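New notebook page. I'm opening this one for the first time and jotting down what I look up as I go.

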Amino acid sequence: MSSNDSRPRCAALTKAGQPCKNDALADAPFCRVHEGVAANAASPAGAEPSPEVLRQELSLELDNLIARVENASSDYRPPPFSPQALLGLLNQNLRRLSPEAAQDLLHRLRGYVNSDLLDLDTWKGIWYIINYALQQQTDTVKRRFSGEYETDDWGMDPEFLSIIQPFLTFMYRRYWRIETSGIENIPADGPALLTPNHSGQLPWDGAMVGTAVYLEHPEQRLVRSLYASWFPTLPFLSSIFVKAGQTLASVENGTRLLEENQLVAVYPEGIKGVGKLYKDRYRLARFGRGGFVRMALRAQAPIIPVSVVGAEETYMSLYKSETIARLIGFPFFPITPTWPLLGLFGFIPVPSKWYIDFGEPIPMAQYGPEAANNLVLVSQLTDQVRNIVQQMIHDRLAQRRSVLFG
Amino acid sequence: MVQPKTVLITGAGGYWGMRLAARLASVPDLHVIGLDTTAPREGVKGLDFVQTDVRNPLLADFLREEKVEAVCHLAFVESNRRSEANFDLNVMGAMKVFGACTAAGVSKIVCRSSTAIYGAHPDNPAFLSEERVPAAKSHTGSVRDWMEIEAFCNGFRSQWPDITLSILRFPSIIGPAADTPMTRFLRSKLTPTLMGFDPLMQLIHEADVVEALWHSLCQDAPGVFNVAAEGVLPLSRLMALGGKPIAAPVFHLAAYWGNPVLGAVGMPVGRVWPIELDYLRYPWVGDLCKMREDLDFTPAYSAVSALREFTARRRLAHYTSDGGKSAQDEELLRDTIERRRRSRQRAVSLDAQGGLEQGEEDLI
């Protein structure tokens with residue numbers, strides 16, 4: 001006891017900011033724990049290191065760390081700094097810390113926020129960020145107006161795709177809460193022909209199959225959907241489809257795309273499938289005239305059967321009016337509980353739960369490209385693909401308990 | 001590549017005939033004869049111009065006498081209106097020229113056509129191959145005439161397999177000097193388009209048109225070829241690159257129904273819509289595989305670079321008071337000085353030989 005009193009206490013502060021309770025060593029003003037810290041400190045007197053010194057040390061240490069990262073991977077560029085990104089990062093890592101440490105960290109950060117609001121540099125930073133965002137927006141508009149952006153020979157516009165992507169992702173993840181299986185059946189590169197069933201009055205299923213592959217496939221492949229020849233006659237829709245990388249359904253187009261090693265989706269049911277009545281849901285219509293099999297054979301691309309379950313319930317078509325359809329030049333005119341009764345509100349789809357299943361690829365290599373002219377084989381393969389898709393739909397329906405919740 | 005010794009250009013007084021003649025003037029060991037009812041607006045050096053109508057019944061004798069090996073048929077009046085006079089020159093003229101070629105033993109005919117003859121349809125595939133049957137719902141004079149000529153050529157080819165007949169189908173032509181539907185469209189003050197439609201389009205630069213004609217005159221490549229610049233552009237991007245980022249969109253049904261009304265009250269519909277409505281609505285893009293492989297031709301300009309040049313020249317025209325005319329004038333005068341000097345030298349050398357013959361003094 002007495003010996004403890006005679007020896008001075010350690011002069012350093014603990015990490016929590018309290019004075020250290022340990023006794024100092026015989027030949028130094030610090031305890032065993034803080035001996036190293038004191039040795040590094042610039043103040044030889046052993047007094048509390050000034051904040052300026054600590055800051056310099058910290059920046060030196062950070063510089064060293066940055067240098068080490070740059071050494072390890074020289075081409076890495078950090079994402080641009082944004083408060084949201086920082087908060088996200090904190091969120092992810094907070095639960096790895098002990099509760100006390102996390103609380104301490106958050107309290108400190110909060111302290112910075114308050115004091116920083118009075119700091120001129122904070123406002124400079126905010127101004128800089130706003131300026132940067134505005135600059136980027138105006139640059140995009142300028143570029144669009146001068147035509148200095150890229151489109152491919154099919155009219156696909158990557159910038160346009162990135163604009164509509166968030167909306168499609170919302171519909172995919174939140175609205176229809178789509179569950180996808182068998183994405184590994186889609187090759188990482190090389191051609192393949194997807195043949196989903198078609199349903200739901202409006203081609204939402206086409207957009208969602210494309211989104212599914214984009215979001216779930218490791219290579220984020222772009223699906224080139226082939227659309228019916230009615231769509232090019234419609235204003236706005238026609239140009240949106242082309243900008244999204246889709247093209248008219250014809251054997252020439254499909255074969256050419258497959259030969260360019262693209263991932264093509266074709267909806268063999270066509271308009272007959274989209275315009276199905278609610279009472280006929282999940283009963284596949286005729287699979288066209290086998291044009292899709294001929295493209296796959298010519299390009300020697302595997303056919304991947306796909307089933308989409310849930311899209312049939314997005315709009316409940318109770319009746320199809322031939323007269324109105326013929327009057328306005330539409331291929332069909334559905335009457336649903338909300339359309340045309342509630343006008344534009346009738347376009348709001350039912351938020352049913354969807355399942356998209358990608359089946360096993362059916363290889364075409366064993367037939368050879370000249371088999372495209374073999375009518376018997378083409379119709380056999382057409383029926384085979386149709387049966388597989390129908391079976392996949394039935395398998396999924398057998399598991400589904402609820403239309404809205406899956 | 002076998003270069004012919006004597007080439008006849010019909011329609012040498014027209015724009016394309018004149019441009020081709022000017023291009024061929026720089027080719028060594030080539031005799032270029034131009035044929036038209038009117039002389040070229042701007043003198044072309046080295047062109048042996050003969051003033052006559054292509055429908056002249058003595059054309060075959062002329063071809064035989066001049067030992068013409070290749071004919072480039074460019075006597076064609078473009079118009080977006082039906083006209084019997086134009087039909088007679090365009091279609092009957094082509095038949096008569098082709099007939100004269102068979103009688104005179106000409107081995108090579110090159111003819112200009114357009115990808116517009118495929119027609120702009122909603123069910124057009126993204127790339128139209130040359131085998132596709134032309135199906136334009138042609139109201140305009142030129143497209144209808146080209147379809148007639150090509151139909152005639154199909155029969156002609158099987159009847160006269162010895163003659164190499166090449167037809168080049170060009171898309172919209174663009175360039176600083178040419179006056180085509182596309183340049184009129186991009187130069188018009190209000191550029192009307194169809195609201196919500198953004199068809200894919202092809203282009204070719206005017207210099208590449210001339211180059212392609214000359215290339216196929218030397219090439220043994222019978223058949224029909226789509227000839228267009230690299231790159232397919234959506235109309236909106238084409239207009240932005242062409243210096244017209246803001247269009248005047250018109251609801252398509254209003255345009256389709258309104259045009260006959262405008263026409264009936266005497267409004268020049270063709271001036272408001274230099275390009276026909278369907279061609280601003282649906283794609284009509286030609287497949288270029290055959291051009292690359294069989295014709296072995298590569299245009300110098302891509303669609304984007306052709307548009308950039310067009311826009312740059314049009315902007316420059318605002319600053320030079322005469323819209324770049326003075327440079328053209330200078331070029332012309334330089335040619336004239338050159339021509340006069342050469343003919344004087346020839347006269348002097350003939351005098352030196354004995355002075356019996358008076359040199360053809362084609363002084364202007």
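This is a predicted model: local features need pLDDT of at least 70, side-chain atom pairs count only at pLDDT 80 or more; totals for chains, interfaces and linings use all residues.

**Entry 1: a strand in chain B**

I started with a right-handed β-α-β unit in chain B, built from strand S4, helix H3 (residues 84–104) and strand S5. Right-handed here means that, with the strands pointing away from me, the path from the first strand over the helix to the second runs clockwise. Helices (H or I, at least four residues) and strands (E, at least two) are DSSP runs, numbered from the N terminus.

Residues are numbered from 1 along each chain as its sequence is written, chains are lettered from A and ligands numbered from 1 in the order in which they are written, and side-chain values use heavy atoms, leaving out hydrogens and water.

Next I checked the neighbours of S4(B), counting two strands as paired if DSSP finds at least two bridges between them. Strand S1 (residues 6–10) of chain B pairs with S4(B) in the parallel sense over four bridges, and B:Leu8 stands opposite B:Val71 there. S5(B) (residues 108–114) also runs parallel to S4(B), joined by four bridges; B:His73 has B:Cys111 as its bridge partner.

Are the two faces of S4(B) buried or exposed? Both are covered: B:Ala70 and B:Cys72 on one side, B:Val71 and B:His73 on the other, are all buried (under 20% relative accessible area; exposed is over 50%, partly exposed in between, with a 1.4 Å probe and protein chains only).

**Entry 2: salt bridges**

A:Arg224 is buried at 2%, whereas A:Asp152 is partly exposed at 21%.

Which parts of the structure hold A:Arg256 and B:Asp287? Their side chains meet in a salt bridge at 3.1 Å, N to O. A:Arg256 lies in helix H10 of chain A and B:Asp287 in the loop between helices H9 and H10 of chain B, so the pair joins two chains. A:Arg256 is partly exposed at 21%; B:Asp287, at 11%, counts as buried.

Technical notes: A salt bridge is a side-chain nitrogen of Lys or Arg within 4 Å of a carboxyl oxygen of Asp or Glu.
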